[in-house]
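Subject: Handover of a structure, with notes

Dear colleague,

Please find below the structure that I am handing over to you. My notes on what was found in it follow directly after.

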Amino acid sequence: LMERAKAKGAPLRYVSYEARFGWPENRWSALTAAAPPSWRLHREHIDHETHNSMQFLAAYLGLRELFSGYSMMAAPESPTTSIVPYYDKLAASYGAPMIPPAPLLRQVTEDLLIEGRGAAARSAFNTLVASYGVPPDAEELKNRIAEVERLPPPSETVESLLATPFPTVEEARRWIGDWEGEQWMNELPNHDKAVLHLFVEGDHVAGTFVNWPEPDIELKMKLEYLKVTPDGLTFGFMNGMRPRGMLMHVGHLDGGVLSGVVKFGGVRVVYPAGVKPPQEHFVLRKARE
């Protein structure tokens, strides 16, 4: 390993789990110091195990560490179009093409359909079939893909929303500060406390949206979209679950009260016939400074 490290060869992944016998500290320190940046080295001592009993646990942990970059949890959550390219880039590190895990490819196919990207969904579906076999509902998926391919390209995407520049400090000046209020789903009587915090960070505007679904549970989201409109303000952040769209809070200002509804941006969610989609509402008032 030391000879290969000094030769600055191809990328290498090496994991050592130890219970009784292991690397001397000086040898490991020398190896990590000599290793090129492309190497991934990991060493860990396992407690409550002997050198005989550790094998199964260490094998699991070692494989998880070696292939941590391949995990579904390591892949980007959004935008959907970034997931397959992420695995394409892993080839340089692992030394072989890396096909995304089957469940993730399935999710990518379905999410691309929701986003109205028929050609990209067909490409992901073809990779799924070629790599893991034909799924039981292949015909249904192919029909959905064909249906989406017949539609015009989406005019709004997650990428376009994320790329939208925030308003300048001057454009957003009247909105800077804390806006306090509530949000609620449909006609439910329970309203969650909510605060929109807009501030100047350096030479640009930034913000967070905070709500409390329970008194002792605080959810804080960094704003990823902000636009001053003729009659109010629209702000948003990515949905924390599928579908991977942006939660757009479309607010209208009337008498100092910013109120509106939340809608998905960058995706097209189609509900079954007869199903009324849930509707989230919010009301915010600017706090006194």
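The axes of helix H6, which spans residues 102-114, and helix H7, which spans residues 118-132, come within 8 Å of each other and cross at roughly 160 degrees. Angles over 145 degrees count as roughly antiparallel, so H6 is roughly antiparallel to H7. The crossing of these two helices, H6 and H7, is left-handed. Please bear in mind that the model is a predicted one.

On the H6 side, the contact is formed by Ala102, Leu105, Arg106, Val108, Thr109, Leu112 and Leu113. These residues meet Ala120, Ala121, Ala124, Phe125, Thr127, Leu128 and Tyr132 in H7. By type, the residues of this contact between H6 and H7 comprise 11 nonpolar, 2 polar and 1 charged.

The loop between H6 and H7 contains Arg117. Is this residue, Arg117, buried or exposed? Arg117 has a relative accessible area of 18%, and buried means under 20%, so Arg117 is buried. The side chain of Arg117 is joined to that of Glu159 by a polar contact of 2.5 Å. Setting aside residues up to four places away in sequence, Arg117 touches Thr81, Leu112, Val148, Thr157 and Glu159. Of these, Leu112 also belongs to the H6 side of the contact with H7.

H7 has a further helix partner. Its axis and that of helix H8, residues 138-149, come within 8 Å and cross at roughly 155 degrees. This angle makes H7 roughly antiparallel to H8. From H7, the contact is made by Gly118, Ala119, Ala121, Arg122 and Phe125. From H8, the residues taking part are Ala138, Leu141, Lys142, Ile145, Ala146, Val148 and Glu149. The residues of the contact of H7 with H8 divide into 8 nonpolar, 1 polar and 3 charged.

I turn next to two histidines in strands. His249 is found in strand S9, residues 246-254. With a relative accessibility of 2%, His249 counts as buried. A polar atom of the His249 side chain lies 3.3 Å from the backbone oxygen of Leu247. Not counting residues up to four places away in sequence, His249 touches Gln183, Phe209, Leu233, Thr234, Phe235, Phe237, Val261, Val262 and Phe282.

His281 lies in strand S11, residues 280-286. Which residues does His281 contact, leaving aside its neighbours within four places in sequence? They are Glu182, Gln183, Trp184, Asn186, Gly260 and Val261. Although His281 and Gln183 are 98 residues apart along the chain, their C-alpha atoms are separated by 5.5 Å. Gln183 and Val261 are in contact with His281, and both are touched by His249 too.

Finally, Leu66 is placed in helix H3, residues 55-66. Its relative accessibility of 23% means that Leu66 counts as partly exposed. Leu66 touches Arg13, Tyr14, Val15 and Tyr94, again not counting residues up to four places away in sequence. Leu66 and Gly260 are 194 residues apart in sequence, and their C-alpha atoms are 48 Å apart in space. Gly260 is one of the residues in contact with His281.

Yours sincerely

Note on methods
Residues are numbered from 1 along each chain as its sequence is written. This is a predicted model: local features need pLDDT of at least 70, side-chain atom pairs count only at pLDDT 80 or more; totals for chains, interfaces and linings use all residues. Side-chain values use heavy atoms; hydrogens and water are left out. Axes are lines fitted to C-alpha atoms, for helices over the stretch in contact, and angles run from 0 to 180 degrees between N-to-C directions. Helices (H or I, at least four residues) and strands (E, at least two) are DSSP runs, numbered from the N terminus. Angles under 35 degrees count as roughly parallel, over 145 as roughly antiparallel, 65 to 115 as roughly perpendicular and the rest as oblique. A crossing is left-handed if the near helix is turned anticlockwise from the far one by less than a right angle, and right-handed if clockwise. Contact means heavy atoms within 4.5 Å. Ala, Val, Leu, Ile, Met, Phe, Trp, Tyr, Cys and Pro count as nonpolar, Asp, Glu, Lys and Arg as charged, and the others, Gly among them, as polar. Buried means under 20% relative accessible area, exposed over 50%, partly exposed in between (1.4 Å probe, protein chains only). A polar contact is a pair of N or O atoms within 3.5 Å; within protein, one must be able to donate a hydrogen and the other to accept it, and residues adjacent in sequence count only if both atoms are side-chain atoms.
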